[in-house]
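Please look over the sequence and the structure shown here. The paragraphs that follow then lead through the parts step by step.

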Amino acid sequence: MRTRFRVNGTDVDLDVEPRRLLVSVLREELGLTGTHIGCDTTNCGACTVLVDGKAIKSCAMLAVQADGAEILTIEGLSEGGVLHPVQRAFVEKHGLQCGFCTPGMIMTSYWLLSQNKDWNEKEIKKQFSGNLCRCTGYRDIIASFKRAKKLARDEGGEVVR
Amino acid sequence: MYPKSFDYFSPKSLGEALDLLGTDPEVKILAGGQSLIPSLKLRALSVKGLVDITGIKELCYVRQEGHVLKIGALTTVAFLENDQTVTSSLPIMREAAEQIADPLVRNRGTIGGNLSHADPVNDLPAVTLALNSSMVAISKQGTRRMGGDSFFAEASHTALTPEEILIEVEIPVQEGRVGSAYRKVRKGSGGFSIAGVASCLSVANDGTIAQCRIAMTAVAPKVLRAENAEQTLLGKMPTDSVLDRAAELAVRASRASSDLNASREYRRSILHTLVKESVSASYERAAAQ
């Protein structure tokens with residue numbers, strides 16, 4: 001089935017079998033392997049991407065459903081080799097151990113920052129409840145998110161492009 | 001894992017969608033897909049075709065008309081959690097919405113899907129049932145309204161026919177000393193409900209409970225009213241012994257079973273506590289009006 005959408009600013013036009021999931025098309029057809037498949041059962045959030053500005057699990061969405069959508073994956077965050085403030089924050093605060101969940105954690109962080117809300121610690125943790133880290137590195141992930149918020153503010157730039 | 005192959009349709013209007021339905025019972029409606037797609041992937045379910053209604057933008061709305069809050073079937077759970085109209089008139093809705101799965105799932109999951117899927121662990125059936133809501137369905141024959149008692153007909157099945165689409169939920173918003181609340185316990189963050197209790201009640205001038213509806217999640221093969229518990233609360237103040245009695249009756253009405261998430265005994269014990277907490281919270285909200 002003919003499916004057209006925009007990924008990280010580039011238009012794509014594909015012939016996709018309806019049963020294929022968005023995550024597999026991103027990875028296998030478009031080579032965007034930064035989006036990971038962890039559990040493949042809509043639990044872990046390693047496959048988190050933004051569809052029309054909202055963070056979703058791309059293993060629970062058919063690729064054909066993305067027709068006409070604007071998609072942002074982890075590959076779309078850096079610009080000209082310069083890391084996005086959210087990515088820099090994860091580096092600075094060691095918001096990763098094995099790194100498998102990291103693309104999902106970063107995309108969720110990006111989406112949360114785009115909402116420009118002031119959450120307290122408990123609320124931030126709740127917002128990350130769809131992303132699992134099996135290294136149990138949550139403390140540094142939350143610290144990275146807070147750091148990203150500060151970086152975005154200090155630099156006065158728009159977090160969300 | 002990939003689902004089995006199926007045909008995919010993405011109608012842009014209700015008329016187009018209705019044309020695609022009803023010819024084959026193995027053609028199902030796809031909304032947010034947060035239960036359906038995982039089930040297809042696990043091959044717990046297979047379909048010949050999916051009619052993806054998410055392109056029908058006219059089914060995504062919340063509006064208050066008089067004393068009725070009307071919610072379009074494609075309204076996402078995330079929207080219910082954050083929308084001012086919903087959360088100011090029905091705090092129970094936010095309470096239930098923010099406890100469903102996780103924020104990423106809530107960005108796609110819809111109220112219509114949560115209700116139509118009618119899984120006994122889904123939370124919104126109990127909420128709509130406690131709030132005495134009506135489900136509005138459309139087919140080529142016209143529209144019909146169903147109360148929760150008839151809509152949630154049997155385990156994991158609604159009264160919807162294969163030709164019908166759930167388009168709207170109508171929730172009565174009563175004025176005066178009315179309050180509602182949802183309490184649940186789930187297995188881990190983002191996990192399924194072990195038990196949940198939605199309640200809605202009104203308080204008379206003398207402080208006694210005048211009206212009451214209680215509905216329970218995950219303690220039977222389908223969402224269940226606790227009618228004996230409702231009856232016992234009428235005309236009484238919610239003292240600890242009255243609440244205990246109501247909780248006992250609710251537990252007796254339940255048909256809780258053991259599964260991977262909880263044993264039957266644990267579920268019943270959690271249910272007892274949740275009935276008391278939910279009714280107390282509803283009462284406090286009503287009395288504060």
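Helices and strands are here DSSP runs, a helix having at least four residues (H or I) and a strand at least two (E), and they are numbered from the N terminus. With that in hand, a place in the chain can be described by the elements on either side of it: Pro11(B) sits in the loop that lies between β1 and α1 of chain B. The model under discussion is a predicted one.

Let us stay with Pro11(B) for a moment. Is Pro11(B) buried or exposed, or partly exposed? A residue counts as buried when 20 or more other C-beta atoms lie within 10 Å of its own, and as exposed when there are 12 or fewer. Pro11(B) has 17 other C-beta atoms within 10 Å, and is therefore partly exposed. Leaving aside residues up to four places away in sequence, Pro11(B) touches Glu16(B), Ala17(B) and Leu20(B), and also Val51(B), Ile53(B), Gly55(B) and Ile56(B). Leu131(B), by contrast, is 120 residues from Pro11(B) in sequence, and the C-alpha atoms of the two are 32 Å apart in space.

Chain B is divided into domain 1 (7–55), domain 2 (57–172) and domain 3 (178–287). Taken over C-alpha atoms, the centres of domain 1 of chain B and domain 2 of chain B are separated by 18 Å. Where these two domains meet, 14 residues of domain 1 of chain B are in contact with 18 residues of domain 2 of chain B. On the side of domain 1 of chain B that touches domain 2 of chain B, helix α1 (residues 14–20) of chain B gives the most, with three residues. The residues of that side of domain 1 of chain B comprise eight nonpolar, six polar and no charged.

Chain B also meets chain A. How many residues does each chain bring to this contact? Chain B brings 21 residues and chain A brings 22 residues. On the side of chain B that touches chain A, at least two residues come from each of β1 (7–9), α2 (36–41) and α6 (103–106) of chain B. α6(B) gives the most to that side, with three residues. By class, the residues of chain B on this side are 10 nonpolar, seven polar and four charged.

We now turn to chain A. Its domain assignment gives domain 1 (2–76) and domain 2 (85–154). The C-alpha centres of domain 1 of chain A and domain 2 of chain A lie 21 Å apart. Here 16 residues of domain 1 of chain A are in contact with 12 residues of domain 2 of chain A. On the side of domain 1 of chain A that touches domain 2 of chain A, β3 (48–51) and β4 (54–57) of chain A each supply at least two residues. β3(A) gives the most to that side, with three residues. The residues of that side of domain 1 of chain A fall into seven nonpolar, eight polar and one charged.

Next comes helix α2 (residues 85–92) of chain A, in which Pro85(A), Val86(A), Gln87(A), Ala89(A) and Phe90(A) are buried. What covers these buried residues of α2(A) includes α3 (102–114) and α5 (138–154) of chain A. Just after α2(A), His94(A) takes a positive phi of about 50°.

How does α2(A) pack with α5(A)? The two helices are at an angle of about 130°, with their axes 8 Å apart. Because of that angle, α2(A) is oblique to α5(A). The crossing in which α2(A) passes α5(A) is right-handed. From α2(A), Pro85(A), Val86(A), Arg88(A), Ala89(A), Phe90(A) and Glu92(A) meet Ser144(A), Arg147(A), Ala148(A), Leu151(A) and Ala152(A) of α5(A). This contact of α2(A) with α5(A) has seven nonpolar, one polar and three charged residues.

The last pair is α3(A) and α5(A), whose axes come within 10 Å and cross at roughly 45°. That angle makes α3(A) oblique to α5(A). α3(A) passes α5(A) in a right-handed crossing. The contact is made by Met105(A), Ser109(A), Leu112(A) and Leu113(A) of α3(A), together with Ile141(A), Phe145(A), Ala148(A), Lys149(A) and Ala152(A) of α5(A). The classes in the contact of α3(A) with α5(A) are seven nonpolar, one polar and one charged.

Technical notes:
Residues numbered from 1 in each chain as written. Chains lettered and ligands numbered in written order. Predicted model: local features only at pLDDT ≥ 70, side-chain atom pairs only at ≥ 80, totals over all residues. Domains from an automatic or database assignment. Contact = placed C-beta atoms within 7 Å. Nonpolar A, V, L, I, M, F, W, Y, C, P; charged D, E, K, R; others polar. Axes fitted to C-alpha atoms, helices over the stretch in contact; angles between N-to-C directions. Parallel < 35°, antiparallel > 145°, perpendicular 65-115°, else oblique. Left-handed = near helix turned anticlockwise from the far one by under 90°.
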